[in-house]
Amino acid sequence: LAMSLQTHQNTAQHLANSSSLLHFSANLPPKPYCSDDLRRLNIRPAKTALKYAYIQPNDPYNTRWVVFDMDLGAESFYQFEDKMTATPNLIVQNPENLNCHYLYLLKTPVWVKNTGKQAPQAYLNAVRAAMTAKLGADTRYSGLICKNPLNGQWRTTELYSRPYSLD
């Protein structure tokens, strides 16, 4: 790899050194959905929600993080390279089955409610659909919650520290 891989132990020290992880923590919804069991979601204050294995990365009004669910086992981690797509900011991997979530940070969040501009929403949806197809990501994944990159249950790797632009 031409880039350096930085795998985090999900500690405060590593959080301070990771702009993507810092951005994740600092920009959560005030009361995100969270859970340790995907069959039941809770709504908790962000500080409490950060303790859960799964968390809602985006607020209901805008998309700051574009997340892809990679259920390809051992092939999941480097699928972005194999398919020649953009490098994720974060990869959050299940160390048991090696499935992971790719998280891409957007420089400018896209407003996703009906009152927002339709063109950016449509473009984001087109990019998301194209990336899902190219990566072989789970097409049924809603993106509502993701593996929490700050939870010690997962193996979190920062590959790219700068946000992406949809321009």
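**Before starting**

The model is predicted, so local features are reported where pLDDT is at least 70 and side-chain atom pairs count only at pLDDT 80 or more, while totals for chains, interfaces and linings use all residues. Residues are numbered from 1 along each chain as its sequence is written, and side-chain values use heavy atoms, with hydrogens and water left out.

**Stop 1: the whole chain**

Display the chain as a cartoon. It contains five helices and nine strands; these are DSSP runs numbered from the N terminus, with helices (H or I) of at least four residues and strands (E) of at least two. Followed from the N terminus, the order of the elements is β-α-α-β-β-α-β-β-α-β-β-α-β-β. Of the 167 residues in the chain, 44% are buried. Here, buried means under 20% relative accessible area, exposed means over 50%, and partly exposed lies in between, with a 1.4 Å probe and protein chains only.

**Stop 2: the largest pocket**

Rolling a probe the size of a water molecule over the atoms shows where empty space is left. The largest pocket of this model has a volume of about 370 Å³. A pocket is an open set of points on a 1 Å grid over the protein atoms alone, where a 1.4 Å probe fits, with protein on both sides within 12 Å along at least five of seven lines; lining residues have an atom within 4 Å of a point. Grid points are joined across faces, edges and corners, and the volume is the space filled by probe spheres set on the points.

Select Asn58, Arg128, Ser142, Gly143 and Leu144, which are the closest to the pocket centre among its 21 lining residues. Two elements give two or more residues to the lining, namely strand E5 (62–70) and H5. Which element gives the most to the lining of the largest pocket? E5 does, with seven residues. By class, the lining holds nine nonpolar, eight polar and four charged residues. In this count, Ala, Val, Leu, Ile, Met, Phe, Trp, Tyr, Cys and Pro are nonpolar, Asp, Glu, Lys and Arg are charged, and the others, Gly among them, are polar.

**Stop 3**

Keep Leu144 selected. Leu144 lies in the loop between helix H5 (118–135) and strand E8 (146–147), and its relative accessibility of 37% is why it counts as partly exposed.

**Stop 4: the salt bridges**

Side chains of opposite charge can pair when their charged atoms come close. How many salt bridges does a search of the whole structure find? There are two, a salt bridge being a side-chain nitrogen of Lys or Arg within 4 Å of a carboxyl oxygen of Asp or Glu.

Select Asp37 and Arg39, whose side chains form a salt bridge with an N to O distance of 3.0 Å. Asp37 is partly exposed, because its relative accessible area is 32%, whereas Arg39 is exposed, at 76%. Next select Asp138 and Arg140, where the closest N and O atoms of the salt bridge are 3.8 Å apart. Arg140 is exposed, with a relative accessible area of 74%.

**Stop 5: two positive phi angles**

Select Met84, in the loop between helix H4 (79–82) and strand E6 (90–93). Its phi is near 55°, a positive value in a residue other than glycine. Is Met84 buried or exposed? Met84 is exposed, because its relative accessible area is 71%.

Then move to Leu98, in the loop between E6 and strand E7 (100–111). Leu98 is not a glycine, yet its phi is positive, at about 70°. Leu98 counts as partly exposed, at 27% relative accessibility.

**Stop 6: Asn148**

Finish at Asn148, in the loop between E8 and E9. Asn148 is buried, with a relative accessible area of 0%.
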